[in-house]
Amino acid sequence: MMKRYDILKGPDGSLVEAIMDGKEPEDFEKLEAKSADTSTEKHVPYVERVGNKYVVKVGKEQKHPMAEEHYIVFIELIVDGVVHRKYLSPGDEPEAEFEVPEGREVWVREYCNLHGLWENRL
Ligand SMILES: [Fe+2]
């Protein structure tokens, strides 16, 4: 079963996001978000409240690469059920800023084209 917010990967590498709970589309695999891998710490998205913005960076101490063959495809910030998504391209900084009011339930996630889905629930 897929649930709201789940991201599913197709056999051709395409991604879809679940809006409502239900049966997974055939051939699609639900991605399990990783949240703590000390050996590849640069994947866990890190969020900070700076003034009236949330600033999300991929890699706290070390930035994740943003090369043609290995990069962060998008960064998401979910605040009280509102999804904010920034799409990135190779050459961009692996970070995103979202000017939104401070929320009660805040979590972030990102997708690396090689290493999959990562999240950080505050
Ligand atoms: Fe990666």
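**The open sheet and its setting**

Analyst: In this predicted model, strand β1, which covers residues 7-9, is joined to β2 by three bridges, and the two strands run antiparallel. One of the positions that can be named is K9, whose bridge partner in β2 is L15. β1 and β2 belong to an open sheet of three strands, ordered β2-β1-β3, with antiparallel pairing. The edges of this sheet are β2 (15-17) and β3 (29-30), each of which pairs on one side only.

The domain assignment places residues 1-31 of the protein chain in domain 1 and residues 33-121 in domain 2. Between the C-alpha centres of domain 1 and domain 2 the distance is 20 Å.

As for the chain around the sheet, the protein chain has ten strands and zero helices. Read from the N terminus, its elements are β-β-β-β-β-β-β-β-β-β.

The overall dimensions come next. Along the principal axes, the C-alpha atoms of the protein chain fill a box of roughly 45 × 35 × 25 Å. The radius of gyration of the protein chain is 14 Å, which agrees with the value near 14 Å that a compact globule of 122 residues would have. Of the 122 residues in the protein chain, 20% are buried. Among contacts in the protein chain with a separation of 6 or more, 44% are between residues 24 or more positions apart.

Key: Residues numbered from 1 in each chain as written. Predicted model: local features only at pLDDT ≥ 70, side-chain atom pairs only at ≥ 80, totals over all residues. Domains from an automatic or database assignment. Pairing = 2+ DSSP bridges. Helix = DSSP H or I, 4+ residues; strand = E, 2+ residues; numbered from the N terminus. Rg over C-alpha atoms; globule rule 2.2 N^0.38 Å. Buried ≥ 20, exposed ≤ 12 C-beta atoms within 10 Å, placed from the backbone. Contact = placed C-beta atoms within 7 Å.
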